[in-house]
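Thanks for making the time this morning; please bring the model up on your screens so that we can walk through it together.

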Amino acid sequence: MRIMLRNAFRRRRFLTKSKCNNVRRFCSKRPKYDVVVIGGGHAGCEAAAASARMGCRTALVTQKKDTIGEMACNPSVGGIGKGTLVREVDALDGLIGRVTDQAGIQFRMLNRSRGEAVQAPRAQADRDIYRDCMQAELASIENLDVLERSVEDLYLDESDRNVRGVIDDKGEIIHSDRVVLTTGTFLGGIVHIGPKSYPAGRHRRDNDEVEAPSTGLAATLERLEFPLGRLSTGTPPRIDGNTVDYDDGPLLEQPSEEIPVPMSYMNWEKGVALKDRLVSCYQTRTNARTHEIVRENFHLLPKFRQEGKVKTPRYCPSIETKLKRFPDRDDFGHVVWLEPEGLPENTSIVYPAGISTSMPEEIQLRMLRTMSGLRNAEMLRPGYVVEYVVFEREAREF
Ligand SMILES: Cc1cc2nc3c(=O)[nH]c(=O)nc-3n(C[C@H](O)[C@H](O)[C@H](O)COP(=O)(O)OP(=O)(O)OC[C@H]3O[C@@H](n4cnc5c(N)ncnc54)[C@H](O)[C@@H]3O)c2cc1C
């Protein structure tokens, strides 16, 4: 970030003269924080904790304290590729592995029948427990302040061509010479459901509200001429688990492994916290009727999805993308895992993994009701797609 901002300064895209004078005045003092981290998602929690562990006075600045540690999409951790990443973060004394071991309600080692090098731990977490444990972990860290604010701008200094802090939505400055951006899907975020679209970072899961996108910061990065691009990623509708008929078919049950392998090396001996409360997932499938509904309504997808203009993550394709990539799967269908979002006393919401979509709500419900087990399902929240600003790869050289 330092290098990126320095170079941006070379091209003279920065503060007005009066703002620079202010900056000089403030820079004569030692900043209160060594590091400011913007955003309290997975990345921000780890960045803030790592910085504070290294003895840096750190501020984690995030829009809402109560959403720190919120799992934005699937309440799962790990899997192929990401499981190795989690273990690496754990080996560096990161939080994600330990918190998953406290909140995990299903654990599986993927590729168990293959060699150890390609095995991958995956766990599903109770969303509430995960969030609460992450917040408790952060609260226990010395040198770390959590500030509930939205960052609107970077505070830049012309004299030494560096970042000097951040400016929040009330115009207050939080001084620091190092700023870490972990804004997830929020930077210039726009949510789409069918032809409807509106500015948002993501939907809240507990009510109908949306979380505000980070527009000021996106504008600053654009003004500074960072190489920016847009990505889009989608999520499936959420289902009321009480309306799922597990005997229809019947659905194939996938229990947790009985003796879960913990995510964190620190829990190797003691095991995971909820080992006596593990839950099962169930498998259903899309079929020719589901596919027909998708194909008939393809024109109702958000325009940018129809045109394929914005890049999407390669490994979490929407059902629409799957049908395009594999047009001959009408007989066999695509697997959909019905995953509980938590322990029964905390939630009855089920996450149907594998059917992320941005079709209009009524089409989503029709799609769901074509599948075994879901013929009478109630949809609690629709799926959606969010497109947001990201740094392009060239930004590394910037
Ligand atoms: C619709 C949707 C689909 C998804 N699909 C996938 C997928 O396909 N694959 C996958 O791996 N993951 C997916 N995810 C999950 C998610 O995007 C990431 O995996 C993960 O949550 C990213 O973590 P993060 O810490 O980078 O950001 P996030 O979890 O998005 O957290 C960002 C944090 O920054 C805060 N913030 C943002 N801007 C500001 C600001 N200006 N000031 C203060 N705070 C700010 C927000 O409040 C939030 O707390 C999806 C999420 C959504 C919403």
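Predicted model: local features only at pLDDT ≥ 70, side-chain atom pairs only at ≥ 80, totals over all residues.

Asn143 sits in the loop between H6 and S6, where helices (H or I, at least four residues) and strands (E, at least two) are DSSP runs, numbered from the N terminus. Asn143 is not a glycine, and yet it has a positive phi of about 70°. For background, most residues other than glycine have a negative phi, and most peptide bonds are trans.

Residues are numbered from 1 along each chain as its sequence is written.

Let us follow the chain out of that loop into the sheet. Four strands make an open sheet in the order S6-S2-S1-S10, with parallel pairing, and two strands pair if DSSP finds at least two bridges between them. Strand S6 (144-148) and strand S10 (179-181) are the edges, and because each has a single partner strand, one side of each is left without a neighbour in the sheet. On average, neighbouring strands here are turned by 20° against each other, direction ignored. Between S2 and S6 there are five bridges in the parallel sense, and Thr58 has Leu144 in S6 as its bridge partner.

Helix H3 lies across strand S1 (35-38), S2, S6 and S10, and runs at about 165° to S2. For such angles, axes are lines fitted to C-alpha atoms, for helices over the stretch in contact, and angles run from 0 to 180 degrees between N-to-C directions.

What surrounds the ligand? The shell holds 31 residues, and the closest are Gly39, Gly41, Cys73, Gly184 and Cys316; a residue counts as near a molecule or strand if its C-beta atom, placed from the backbone, lies within 6 Å of it. Helix H3 (42-53), strand S2 (58-62) and strand S15 (228-235) each supply at least two residues of this shell. By class, the shell has eleven nonpolar, 18 polar and two charged residues, with Ala, Val, Leu, Ile, Met, Phe, Trp, Tyr, Cys and Pro taken as nonpolar, Asp, Glu, Lys and Arg as charged, and the others, Gly among them, as polar.

The other open sheet I want to show has three strands in the order S7-S8-S9, and its pairing is antiparallel. Strand S7 (151-157) and strand S9 (173-175) are its edge strands, each pairing on one side only, and the twist averages 35° from one strand to the next. S7 is joined to strand S8 (residues 162-168) by six bridges, and Tyr155 stands opposite Gly165 in S8.

Finally, the helix pairs. The axes of helix H8 (residues 288-296) and helix H11 (residues 361-368) come within 9 Å and cross at roughly 165°, which makes H8 roughly antiparallel to H11; angles under 35 degrees count as roughly parallel, over 145 as roughly antiparallel, 65 to 115 as roughly perpendicular and the rest as oblique. Thr290, Ile293 and Val294 in H8 meet Ile363, Arg366 and Met367 in H11, where contact requires C-beta atoms, placed from the backbone, within 7 Å. These contact residues divide into four nonpolar, one polar and one charged.

Helix H5 (residues 96-103) and helix H6 (residues 127-139) pack at about 135°, with their axes 9 Å apart, and H5 and H6 are therefore oblique to each other. Their contact brings together Val99, Gln102 and Ala103 of H5 with Ile129, Tyr130, Cys133, Met134 and Glu137 of H6.

Technical notes: Contact = placed C-beta atoms within 7 Å.
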